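This report describes the architecture of a two-chain model, moving from each chain to the surfaces that they share. Please read it alongside the sequence and the coordinates.

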Amino acid sequence: MADKIVLEIARYSPEQDYEPHFENFEVPVYKEWVVLDALNHVKDMVDGTLTYRWSCRMGICGSCGMMINGEPKLACATFLSSYARNGNKIRVEPLRYFPVVRDLVTELSDFLVKLKKVKPWLVRKEEPPLAQGEFLQTPEQVDRYKQFSMCINCTLCYAACPVVGLDPVFVGPAAIALAQRYNMDSRDQGAEERTAVLAHPDGIWGCTFVGECTRVCPKHVDPAGAIQQYKIAAVLDWLKSFVMPRGRETQNARSESGND
Amino acid sequence: MTASDRGAQRWASHRVSQVQEIICISVALKRQCADLARVEAAETLYSGWLETMESSSHDIILVGGGGAGLRAAIAAAEVNPNLSIAVVSKVYPMRSHTVSAEGGAAGVAKPDDSLDEHAYDTISGGDWLSDQDAVEAFVKEAPQELLQLERWGCPWNREPDGHIAVRAFGGMKKRRTWFAADKTGFHMLHTLFQTTLKYRPITRYDEWFITKLLVDDGRVQGVVAIELMSGKIQAILAKAVILCTGGCGRVFPFTTNANIKNGDGMALAYRAGAPLKDMEFMQYHPTGLPFTGILITEAARAEGGYMLNKDGYRYLQDYNLGTPEPKPVLRSMELGPRDRLSQAFVKEEQKGRTIPTPYGSVVHLDLRHLGERLINARLPFVRELCLKYQNIDPVHELVPVRPVVHYMMGGVSTDIDGATPLAGLLAAGEAACVSINGANRLGSNSLPECLVFGARAGRAAAAFASEQKPGNGTVLAQALDEQRRLESQFLRKAGGRERVSTIRTEMQTAVEKSAGIYREEAVLSEATAKLRELQQRFEDINLDDHSRTFNTELESALELGFMLDVAESIVRCALQRKESRGAHQRTDYPVRDDDKLLAHSLVYRTSSGSSRVEYLPVKITRWPPGERVYGQSQEPGQSLKATRTQ
């Protein structure tokens, strides 16, 4: 017989509750089970009203982020057995700092707005015909932005970031890392357009470099690193504008140099 | 401003305040009732207030926001920027299952390769059930589509000189698989999603679940959908609807497919009267992790991994797949096609040469000889998945694997432009069957299929929608009927006795037992009866959850309803096809029968709710049916040079 552990799950249904409360469910602890398996067990066998998002169960779709014992985690990548040793409960709550829709489901539309704000697409001044083939990019040039392209939009970094908690308009770690993903891509020419959003009090300067975002990122994207990189670049550009009033053009030349 | 304008304005503001008042009253009533914990009473009042239904209107609806759906949306927007295009998806687009595709995307890219060779590999891999005109269009357009994705920013792996790098893949005679490490689908999906953000004509309905296609006057005119966040049921009208909902692996108990892969689009089309094609061809991928079913990409074998039985023996050499070499050989051994490798596993299991585990028997995938550097550079996700989910490090340990349900070759029957026989309805990607994949898809053909046929469907829908007059609006009555059905069958029903998970589990067990890697008449007949029983029991379903807000139990019930239809079509087609071809292996009919069955199955839903199968001849252009030969006997084996790129 498998060991048991108690999940203490935050419940909230706007049609019935004024505020969230906790409900306990005892679940078996199998070696292979992650927290998501336990939630599915409860939903299938005990209480069909339990509400959460999930899909791929392999840590790549980014759906099942939640607070597990106070830490932002993917439920599909968090083993029950790693908590069972304490013989304690596992507390499961919706991701912090997001409005709660119901139980463990949070409202994501604000995050999507922030994502779009940083223009996360390849900006080109001119588009050569496809017949000319691919933009050349060496493995070293790919490596410069690859890490920042690994973000799965799970929003764990927002739930970890104290600045997001204090200032909801802060663009936030994932969106800034994504902007930097394109800024660092040798094919992109949009760094200047993105500056308007990023070099703003709600952009990179909002970050106080706590570094929690990087610590909780399940894909090792290092948003904190992206933000610091960008801060340095922004300061250098600002200084350049004093030394060389044509510094902006230099920046354009730099972003074009890696292409074609 | 004229007096009549002012009057109209006053009237409008009066209406607005009236509506606000009604909303306030309704909300207040609801809250009072909730206070008294009389939720049902609140529901009655609330839904009585909502007797009518909202509707919105677009030119084109994409159902699904994965690789095919997003590519179609962009294609349609580029044909005609004045069109209004809606992407309606039950998940945020970046959660779509394209995200899980690992190994790569095939498209001829290098001078030593040719379109004809890609076509031949695809056709022989599909055991000659592919439509060859579709394959020819596919191999021709795949490289352009992959290049287009490069232009949109996809981080493809590169050669040292900056050109695109390609890797080997199962069943492919040349190296032609583009890849972004082993997260190719993830990078493609995010590139597409981020690119769609700049197209103004594209409107997204994130987390809306479609329950029905609205058909009138012989054409599809829209859909009924539930907004999960609010529970609102709404009609979304359009001149063309493209189904891009992906596969249906969740019909089986052990699958690489995400929880959202329930054959929604297939069932929607089937219920609307469009036929499904080749549903008996379900692909098992030979290397899934036991218990979770997490896929270990074929790229692991393309990079040189070995398949070993319990004695450490490369058993594939016993199954007419070539002789073992230290380095991978194209179209040989571990780089044979998926159907043959999965079948070899079953034979090996019957000989008692697999390893038993609590989650079924396994063989081993051995990557140790590849070394840590190569694994980290080319297969980082494989290592991450093994470490995180299996607690095994493939650099030092053998990886236990077993065949796992992976891909539906069949789907909504379409022509080469994604059109179904039902006017205004199109389909693309795994949800569709064009067919290029025939009886067995080759690894790395599905991602470019999403792009090529997504783009074709998008363009065709744009052309169709531009010519159509708006619908006649009579479908709104149908939409109201659908709303009533959802209310009475699920949301306001009391006293049902069946749980969603019980019926789902029984269905999965029945389908796996009957329509697994090997099939036979008696078991398939038994499953047919079982599925009929489950359909009846489904009518007696009970939901714990009757609330409007993000009701995932309702969603699961609707998905189960879809899956029951899809399951029936799979079992029905498998029962009817009395031959063995590709992924459809009948122990009672072990030989391919080109005389009678060089034909696609077309399964229709009859008015009584059961199914009827017809056959449609395969289109042969230049490659007459031949024997599928793998291993070195086909021609001198081409050993892969161990080129190192990135």
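## Terms and conventions

Two residues are taken to be in contact if their C-beta atoms, placed from the backbone, lie within 7 Å. The model is predicted, and local features need pLDDT of at least 70, side-chain atom pairs count only at pLDDT 80 or more, while totals for chains, interfaces and linings use all residues. Residues are numbered from 1 along each chain as its sequence is written, and chains are lettered from A and ligands numbered from 1 in the order in which they are written.

## The nonpolar core

A nonpolar core is here a set of buried Ala, Val, Leu, Ile, Met, Phe, Trp, Tyr and Cys residues joined through C-beta atoms within 7 Å; a residue is buried if 20 or more other C-beta atoms lie within 10 Å of its own, exposed if 12 or fewer, and partly exposed in between, again with C-beta atoms placed from the backbone. The largest such core has 266 residues, and those with the most contacts inside it are L62(B) and I242(B). Its largest share, 14 residues, comes from α16(B), and the core also draws at least three residues from each of domain 1 (3-106) and domain 2 (109-256) of chain A.

Leaving aside residues up to four places away in sequence, I242(B) touches I60(B), L62(B), V63(B), A72(B), G418(B), L426(B), A427(B), A428(B), A457(B) and A461(B). In soluble globular proteins, nonpolar side chains tend to be buried together.

## Chain A

Chain A has 11 helices and 7 strands, where helices (H or I, at least four residues) and strands (E, at least two) are DSSP runs numbered from the N terminus. Its C-alpha trace spans about 70 × 40 × 35 Å along the principal axes, and 46% of its 260 residues count as buried. Among contacts in chain A between residues at least 6 apart in sequence, 66% join residues at least 24 apart.

The chain is divided into domain 1 (3-106) and domain 2 (109-256), with bounds that come from an automatic or database domain assignment. The C-alpha centres of the two domains of chain A lie 32 Å apart, and 12 residues of domain 1 are in contact with 12 residues of domain 2. On the side of domain 1 that touches domain 2, β3 (65-68) and β4 (71-74) of chain A each supply at least two residues, and β4(A) provides the largest share, 3 residues. By class, this side of domain 1 has 7 nonpolar, 3 polar and 2 charged residues; Ala, Val, Leu, Ile, Met, Phe, Trp, Tyr, Cys and Pro count as nonpolar, Asp, Glu, Lys and Arg as charged, and the others, Gly among them, as polar.

## A covered helix in chain A

Helix α7 (residues 173-183) of chain A is mostly covered, with 11 of its 11 residues buried. Among them are P173(A), R181(A) and N183(A). The buried residues of α7(A) pack against α3 (109-117), α4 (139-146), α5 (156-160), α8 (191-198), α9 (212-216) and α10 (223-243) of chain A.

## Chain B

The secondary structure of chain B comes to 17 helices and 23 strands, and 58% of its 646 residues count as buried. Residues 24 or more positions apart account for 75% of the contacts in chain B with a separation of 6 or more.

Helix α7 (residues 264-271) of chain B is mostly covered, 7 of its 8 residues being buried, and this helix is followed by G273(B), whose phi is positive, near 105°. A529(B), by contrast, is found in helix α15 (residues 521-538) of chain B and counts as exposed because it has 10 C-beta neighbours inside 10 Å.

## Helix packing and the chain interface

α5(B) and helix α12 (residues 446-467) of chain B pack at an angle of about 100°, with their axes 9 Å apart; axes are lines fitted to C-alpha atoms, for helices over the stretch in contact, and angles run from 0 to 180 degrees between N-to-C directions. α5(B) and α12(B) are therefore roughly perpendicular to each other, since angles of 65 to 115 degrees count as such, whereas those under 35 count as roughly parallel, those over 145 as roughly antiparallel and the rest as oblique. Residues including F138(B), L146(B) and L149(B) in α5(B) meet residues including P448(B), L451(B) and V452(B) in α12(B), and by class this contact has 8 nonpolar, no polar and 3 charged residues.

Between the chains, 49 residues of chain B are in contact with 43 residues of chain A. On the side of chain B that touches chain A, α5 (132-151), α6 (184-196), α11 (380-390) and α16 (552-576) of chain B are the elements that give two or more residues, and α5(B) gives the most, with 5 residues. By class, that side of chain B has 21 nonpolar, 18 polar and 10 charged residues.
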